[in-house]
Amino acid sequence: MKIELGKINHLKVVKKVDFGFYLDGGVEGEILLPLKLAPQGCKIGDELDVFLYLDSEERLIATTETPKAMVGDFAYLQVAWVNNFGAFLDWGLLKDLFVPFREQKMKMQKGQSYIVHLHVDEDSYRIMASAKVERYLSKEMPPYKPGAEVDVLVWQKTDLGFKVIVDNQFSGLLYENELFRPLHTGDRLRGYIKRVRPDGKIDVTLQRQGMHAVDDFSEVLLHHLQLNGGSTVLGDKSPAEEIYSVFGVSKKVFKKAVGDLYKRRLIEITPEGLHLTDEATDL
């Protein structure tokens, strides 16, 4: 049996004591699951999915609580407190997650949130986080084809748009001129591969391409109207170049989305453009 620190493990209850239960940890020995963290009705012989970490005395301990992130994950976490050794992040467990100064790009501040990567320190065997996330991104060639659906974590703003982390592995980029909604560091989104460049860099878009583009763009257009006073001067008579410069989609996709929102009674079409209806403003 291989125990994975900082991850979910499937372990068997082998002993009950006043303060909790002991789980079979194989070569690691018995691992305590404190009584307050055990499921109701827990008994010897039960097999449980538990998260393993080290307590304040560096002892291996189990919990049925699920943290906000696990070893190997990139996450956006808030600083709970700082001391002379580093910062401590709130990751949803009683013991906060340590970020030593050497793993900080800049000195972390209490109350601020940062994109970090969780790993097990080879020297201390402690779960730590690092803000130097570039070190942990995959250097392999991404295996994606254009149009592939991916999970996206917004990382940081750049002159071109936003750097993102794709599928918890790769660095990608969302271009500013293709974004029709506000983004913030830490947002988790569904994205689509636009292209993988020969150097392995990934261009990502939030709009699905091809046959599903209209359904996706209907929601983009609706959100755009909601953010811009409920109207736009663009309509189905507008030049294709203007539509593309604002939304990054073809006139055909735009017109179909307009038709979709009109049929759903979410917009009115006038010579002055598109306007949200009362039904839309109530959404």
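Buried means under 20% relative accessible area, exposed means over 50%, and partly exposed is whatever falls in between. Keep that scale handy as you look through this structure, which is a predicted model.

Lys7 has a relative accessibility of 31%, so Lys7 counts as partly exposed. Its salt-bridge partner is Glu4, with 3.9 Å from N to O. Glu4 comes out at 35%, so Glu4 is partly exposed too.

Lys157 and Glu176 form a salt bridge whose closest N and O atoms are 2.9 Å apart. Lys157 belongs to strand E11 (residues 149–157), while Glu176 sits in the loop between E13 and E14, so this pair ties together parts that are 19 residues apart in sequence. Both residues are partly exposed: Lys157 because its relative accessibility is 47%, and Glu176 because its value is 37%.

At 39%, Glu219 is partly exposed, and so is Arg264 at 37%.

Across the whole structure, the search finds 18 salt bridges.

## A barrel of five strands

Next, have a look at the strands. Five of them make a closed barrel in the order E11-E12-E13-E15-E14, and the pairing is mixed. On average, neighbouring strands in this sheet are turned by 50° against each other, ignoring direction.

What holds strands together in a sheet? They pair through backbone hydrogen bonds, either parallel or antiparallel. Strand E14 (residues 188–196) pairs with E15 in the antiparallel sense, over four bridges. You can pick out a bridge there yourself: Tyr192 has Thr205 in E15 as its bridge partner.

## The largest pocket

Finally, find the largest pocket, which holds about 450 Å³ of space. It is lined by 22 residues, and the closest to its centre are Ser171, Gly172, Gly200, Lys201 and Ile202. Two elements give two or more residues to this lining, namely strand E13 (170–175) and strand E15 (202–205). E13 gives the most, with five residues.

What kinds of residues make up the lining of the largest pocket? Nine are nonpolar, five are polar and eight are charged.

Definitions and conventions. Residues numbered from 1 in each chain as written. Predicted model: local features only at pLDDT ≥ 70, side-chain atom pairs only at ≥ 80, totals over all residues. Heavy atoms only, no water. 1 Å grid on protein atoms, 1.4 Å probe; cavity = no way out; pocket = protein on both sides within 12 Å on 5 of 7 lines; lining within 4 Å. Points joined across faces, edges and corners; volume = space filled by probe spheres on them. Nonpolar A, V, L, I, M, F, W, Y, C, P; charged D, E, K, R; others polar. Pairing = 2+ DSSP bridges. Axes fitted to C-alpha atoms, helices over the stretch in contact; angles between N-to-C directions. Salt bridge = Lys/Arg side-chain N within 4 Å of Asp/Glu carboxyl O. Buried < 20%, exposed > 50% of the residue type's maximum accessible area, 1.4 Å probe, protein only.
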